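Please consult the sequence and the structure shown below while reading.

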Amino acid sequence: MQESKVDVLIIGAGPAGYMAASWFARIGINARIIDKRSTKIFVGQADGLQPRVLEVFQSFGFGDRPLKDASIGYEACFYEPDANGKIHRVGRKPEGVVGISRFHGSVIHQGRIETWLTDFIDEWSNGKMKVERPILPETLEIDESQISNPDAYPVTVGVKKLADNDAEPEQYGSKIENGLFRQFDWDQDRNGAVPAESREIIHAKYVLGCDGAHSWVRSQIGINVEGETTDYVWGVLDIVPITDFPDIRKRCSIHSASDGSIMVIPREAGLVRLYIQLKKTEHIPETRSAEERENDQKQGKTAGPRVDRSKITPEAILETARKIFAPYTLDVAETQWFTAYQIGQRVAAKFQKLERVFIAGDACHTHSPKAGQGMNVSMMDTYNLAWKIGHVLNGLAKPDILSTYEQERRKVAQDLIEYDFKLSRLFSGKPGEISTDAFREVIDNGAAFATGCSVNYDGSIIINKPEGTDSTIPYNSPLAKNVPIGMRFADAKVVSQCDGRPWYLNDRIPSDGRWRIILFPSDFKTNVSLNNQLLDIGAYLESSDSFIKRYTPPTEKIDSIIEVLLVHASSIDVVEWDDFPHAFRPRYQDRRMDYWKIYADSESLREISGQAYEKYGIDRKVGALLVLRPDGYVASVTAPNTEGVSQVAAFFDRFLIPL
Ligand code: FAD
């Protein structure tokens, strides 16, 4: 039997697993990713990308791919029955939240998204990290005596390689792919029959369970899920429609008088996804004992009546859709995929065991797909987690930072479940029972949450908020009134000091594992004391006492752990390159000058920019000093002077490990 060691083993190659692998590839962590299925997915499942995830893709360097390939949402419409019971348009609004991000919610098949992530992983791992499939884990043990030893591999996972034909998706006997693809339960559905295989024992420092709603990892580490399933059943069709419905290329919510509701999601390549409320469904006869049902519930399965999904056909779903669409007609040029799901909301009681085995994505939270959140929140889980594990593995940070994963992401999961609970009940209710106003209010109130941009992490070892801060509302320092600490750093346009090129500031802050200090030194050129503050900060950063030197190995580039950027508010015309301390225009070991750390909040000669200070709520006569985490969340805001710098030093001291 083979035996091997790896720093991180990712189990499950869905969105959560791919995002984790992307971070690990990007920051050079020794990781492997395995999946029990023989192929990636080609059709169906998730398709909605929210602005925050698009921002993350941009920060990884492939934000242009959704722009080229996806269907981008600009408008949403609402349809209700008129006095004669016929549906008609009652409202039109912008899709999402105008101005919250430069990216708009976009829709494209999950398989394509996984391709972008695969390409990214290939590029950054030099082709070394590939999804290994079909591989099924069988055993997982944690040696608790070793968990405080950073050099140990305390988690042991036994896996077996499966034959390809035993890892294919189930089919209903039709050519159209169906939604059982991911829900396939190996041992149960195949009676434990597995082909001849090679086995391997993998010793890992960390294991990530990204293995979906019925997570095997979750059950191995004894984590239960909390929540329940409803009786609402929805069908999903991915079709190329033939219709006279006027808004088929806009996102629509349609409530019919008595045939249920539909949500219309325009997609790439002429496809449209329809979510259709199904009124008549058959249930599987109950054979489980009360104990088995209770156990199923703890494992994220349904304790109540289970819908017999094998009785739900694409034709039957289409028939229901036609009734809801009437008086408009609906026919189909092509059906690409269908599924049916029973709405439920569940969240795992814990997201980790001993901070050595973590779960993420659907393994932590499941809900209805209508809000288009699951894939996004799943990716953001591991976007939150993987850099932290990377920091600990690289000896940069104390393992204490790992506890912030559950603290930060469980709250997001609970908010998500609450949002989905409200939304899915409104969608599943009848127009008479639920007013259009109430429905739109929930959509409007939840719109910011649904973009992913309003996530607000609590104070912690890596988020410097005063103790007792109310976590339900954004907390801002008076120095930067629109830069909430704990939230993602919003974008603004600035102008590069060296060449006058306008930039989105966040495009200068890629996800590459580094911390960022952004100094806003104000309109320093017009005021001697502000100018002196800037020179003092520069002198500190270049000194041997500086927190940068404290954590950066002398053999590495000076900006390799913490990068320092500057956005000033003086006119470019009155500022010269030499006005800035060397800390902001470093020369590296090879004597090259780095020109790309100094920006002006100034009018560009070529296009409109120059409102960054206003946008961030920073006084042009005062300034501010920001610290951003490697995942782009604001960690600290202090004054742009030596006192503020000392506070930043004390902040880093809490969790970074000095040389
Ligand atoms: P999954 O995508 O389920 O991936 C888990 C992976 O783990 C799979 O590849 C599986 O093969 C593998 N695996 C499972 N068990 C094991 C094991 N024991 N060993 C090894 N590998 C294992 N979300 C959105 O954000 N937007 C949408 O528009 C959207 N629409 C949806 C529409 C439908 C019809 C459905 C069903 C879901 C939709 N979702 C949507 C939800 C989204 O698909 C999931 O939330 C998302 O895929 C979860 O990602 P994940 O990586 O956590 O899990």
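A search of the whole structure finds 46 salt bridges, a salt bridge being a side-chain nitrogen of Lys or Arg within 4 Å of a carboxyl oxygen of Asp or Glu. The structure is a predicted model, in which local features need pLDDT of at least 70 and side-chain atom pairs count only at pLDDT 80 or more, whereas totals for chains, interfaces and linings use all residues. Residues are numbered from 1 along each chain as its sequence is written, and side-chain values use heavy atoms, with hydrogens and water left out.

One of the salt bridges joins Asp247 to Arg89, with the closest N and O atoms 2.8 Å apart. This pair links distant parts of the chain, 158 residues apart: Asp247 lies in the loop between strand E13 (225–243) and strand E14 (251–255), and Arg89 lies in strand E6 (residues 87–94). Helices (H or I, at least four residues) and strands (E, at least two) are DSSP runs numbered from the N terminus. Side chains of opposite charge can pair when their charged atoms come close.

In the interface, 17 residues of domain 1 are in contact with 14 residues of domain 2, where contact means heavy atoms within 4.5 Å. The area buried between domain 1 and domain 2 is about 1,300 Å², and carbon and sulfur atoms give 48% of that area. Buried area here is the accessible area (1.4 Å probe) that two parts lose on being put together, summed over both. Ser59, Arg102 and Trp387 supply 36% of the area that domain 1 buries against domain 2, more than any other three residues.

Arg102 also takes part in a salt bridge, its side chain meeting that of Asp507 at 2.6 Å, N to O. Across the interface of domain 1 and domain 2 the rule finds two salt bridges. Ten residue pairs across this interface are in polar contact, both residues at pLDDT 80 or more. A polar contact is a pair of N or O atoms within 3.5 Å; within protein, one must be able to donate a hydrogen and the other to accept it, and residues adjacent in sequence count only if both atoms are side-chain atoms.

On the side of domain 1 that touches domain 2, helix H1 (15–26), helix H2 (51–60) and helix H10 (374–393) each supply at least two residues. H10 gives the largest share of that side, six residues. The residues of that side divide into seven nonpolar, four polar and six charged; Ala, Val, Leu, Ile, Met, Phe, Trp, Tyr, Cys and Pro count as nonpolar, Asp, Glu, Lys and Arg as charged, and the others, Gly among them, as polar.

**Strand pairing**

An open sheet of three strands has the order E3-E7-E4, with antiparallel pairing. Strand E3 (48–49) and strand E4 (71–72) stand at the edges with a single partner strand each, so one side of each has no neighbour in the sheet. Two strands pair if DSSP finds at least two bridges between them. The pairings below are each antiparallel.

| Strands | Bridges | Residues opposite each other |
|---|---|---|
| E3 and E7 (residues 106–107) | two | Leu49 and Ser106 |
| E21 and E25 (residues 598–600) | two | Val495 and Ala600 |

E21 and E22 form a hairpin with five residues between them, and Gly500 in the turn has a positive phi of about 75°.

**Backbone geometry**

Most residues other than glycine have a negative phi, and most peptide bonds are trans. A cis peptide bond joins Arg133 and Pro134, with omega about -10°, and Pro134 is in the loop between strand E8 (131–132) and strand E9 (135–142). The peptide bond from Ala326 to Pro327 is also cis, with omega near 15°; Pro327 is in the loop between helix H9 (314–325) and strand E17 (330–348). Ser522, a residue other than glycine, has a positive phi near 75° and is in the loop between strand E23 (515–520) and helix H13 (528–542).
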